[in-house]
Amino acid sequence: MKTENQKAWFLVLPVIALVAFNALVPLMTVVNYSVQETFGNNIFLWSGVRWFEEILASERFHAALTRQLIFTATILAIEIPLGVAIALAMPRKGPWVPVCLVLMALPLLIPWNVVGSMWNIFALPDIGLLGKGINALGIDYNYTQQPVAAWFTVILMDVWHWTSLVVLLAYAGLISIPDAYYQAARIDGARPWAVFRHIQLPKMKKVLTIAVLLRFMDSFMIYTEPSVLTGGGPGNSTTFLSIDLVKIALGQFDLGPAAAMSLIYFLITLLVSWVFYTLMTKDEAE
Amino acid sequence: MTLELKNVVKRVGAETHIHETSLRLAETGFNVLLGATGAGKTTLIKLMAGLEQPTSGQILFNGEDVTGMSPQRRNVSLVHQFFINYPNMTVFENIASPLRVARVSAAEIRRRVGETADLLKLTPMLGRRPSELSGGQQQRTALARAIVKDSGLVLLDEPLANLDYKLREELRDQLPQLFADRGAVVVYATSEPSEALLLGGHTATMSKGRITQFGETPVAYRQPRNLETAEVFSDPPINAAPVAKRDGRIHLDEGVDWSATGAIAGAPDGDYTVGVRPHFVTPHGGEGAVRLKGRVLVTELSGSESVAHFDMGGRTWVAQSHGVHPYQVGAGHDFFIDTSGCLYFGADGALVAA
């Protein structure tokens, strides 16, 4: 006996409602804004792909995107090798393991805007420990006025804040390698570099893929910390994509262009993540 | 080639992992280290490999003292229970890796890797990575790395433990041939008594960080020097129970006794421990068999064999018989000891009569 009815649909309704509210509706709102011109009083005018064309052609967007790419590439180039190096240097057993882990986790526990404020004060040239220290070394350093100094500070802050994540992931990968691999290497007489290259690195590959993806996405969408630290300045020198987006959307209240930019931004993030993932997991797919 | 351990002791902190051990292994046949998990097999293998150093004592290879020498200079190979290969190298490169470290010429590497791969039926897989191989192929690759190195000492630490049943049998049959005539001392650690018997050669039984007996495998099995050896070298576990010898008879329990014949006849009266391997305890009585009135606790049927754990006088016994025997769990059942298979141990555990 088989009874057929459609009651089972009720079981998936909560999920559909949830996804609709937290993903589909907001996304469609953005899509809605991106193809219309908005005035007050809920007046909308159809504008087609005009905002997209405008954003893609705008030099301001190109500049922000370039800054964003340089920033992300720089912090990845620093944080991934540095994180792996620190993880390799951490003890694998013994009483220092929990100490190291807690020390490593500390920066990750600090709210992002607090990190921004901390570094804002820390790096001030007149009263901050870092700023005053650098100036005391005879280097003229003022991140509120010099773009180079501002970049240096933003990158240092990000490295301080996020290298820990890479360390913890790499460390998890390292301690999961059975001792037997190291014994086999010792019996073969493999040198430390060969052990790293042929055992540790391949065994860490999966967690490093995750680390690169997480750090890419997070840094590509970075907003809070540089916004609190430099506010995108001096000038536009540290205005990354999301800071620019907020300036357009809330500062100028250009909802249409801001929405179009959001969608382009989202697609770029998605595309680059996909490229990263495909490249890094290529070997396994073969 | 010979490997000799002289008064080797391994302590870690307050714990003694290996009690004073002396052992001389030769290249004739396999040298099996048999013992339960934690008996010290792996520690002993690490000492032999040089991965760990003895707290005291000496390790001699061909009469030369190698104590304290690094593993790579000792010319040993080691195969683990886990399939250990370099994950990012192809099978070819994996097999070639010990030769590359030893700076063997490229042509020579090609020749030796080709030969070894042939021997282990890995030739079609040479271009693959370990992650693309089955467990059996991964372990064959690890074995190929051990063979290609042509080392004087080959250590196999439960190499078949993580393989499924069929592969384990297949590879176990091949192993002795693979290492025959290579002029290497081969040490094989296992926790399965049947594996030691199948591999032949010599067996060292281990228990709690001590070697309880070392000798030709069939001898160690048939004439265990002490109860510990008999316990290690028996699966299902050997039955051991206190008995008393009086007036030419062995008394096990109220009304359970038999006449002391054979070697035990000459032993003085007194208390002994009788050891009876489960296949001498069967549900069918033969001539002169001693009846035990038991109550069946657990049964295991393998098709060709039936094993029953039964309770008699508060002691659990194990009986093993051919074929499928229909036991009823919880019911009373008669079992019979074939007393010709009894081993008698003295109060100190040493064998008195077999």
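Tutor: Strands S12(B) and S13(B) form a hairpin with two residues between them, and in the turn Gly255(B) has a positive phi of about 75°. Strands are DSSP runs of E with at least two residues, helices are runs of H or I with at least four, and both are numbered from the N terminus. This is a predicted model, in which local features need pLDDT of at least 70 and side-chain atom pairs count only at pLDDT 80 or more, while totals for chains, interfaces and linings use all residues. Residues are numbered from 1 along each chain as its sequence is written, chains are lettered from A and ligands numbered from 1 in the order in which they are written, and side-chain values use heavy atoms, with hydrogens and water left out.

S13(B) covers residues 256-259 and is joined to S12(B) by four bridges in an antiparallel arrangement; two strands count as paired if DSSP finds at least two bridges between them. Across this pairing, Ile250(B) stands opposite Trp258(B). S12(B), residues 249-253, also pairs with strand S11(B), residues 239-246, in the antiparallel sense over three bridges. There, Ile250(B) is placed opposite Lys245(B). S11(B) and S12(B) likewise make a hairpin with two residues between the strands, where Asp247(B) takes a positive phi near 50°. Strands of a sheet pair through backbone hydrogen bonds, either parallel or antiparallel.

Two bridges pair S15(B) with S19(B), residues 332-337, in the antiparallel sense, and Val281(B) lies opposite Ile337(B).

The side chains of Asp334(B) and Arg291(B) meet at 2.3 Å, N to O. The pair links distant parts of the chain, 43 residues apart, with Asp334(B) in S19(B) and Arg291(B) in strand S16(B), residues 290-301. Asp334(B) is partly exposed because its relative accessible area is 24%, the limits being under 20% for buried, over 50% for exposed and partly exposed in between (1.4 Å probe, protein chains only). Arg291(B), at 43%, also counts as partly exposed.

A further salt bridge of chain B joins Glu195(B) and Arg172(B), with the closest N and O atoms 3.3 Å apart. Glu195(B) is buried at 4%, and Arg172(B) is buried at 9%.

The loop between strand S7 (153-157) and helix H6 (165-179) of chain B holds Asn162(B), which is partly exposed at 39%. Beyond its neighbours within four places in sequence, Asn162(B) is in contact with Gln81(B), Phe82(B) and Phe83(B), contact meaning heavy atoms within 4.5 Å. Over all chains, the whole structure has 21 salt bridges.

Terms used
Salt bridge = Lys/Arg side-chain N within 4 Å of Asp/Glu carboxyl O.
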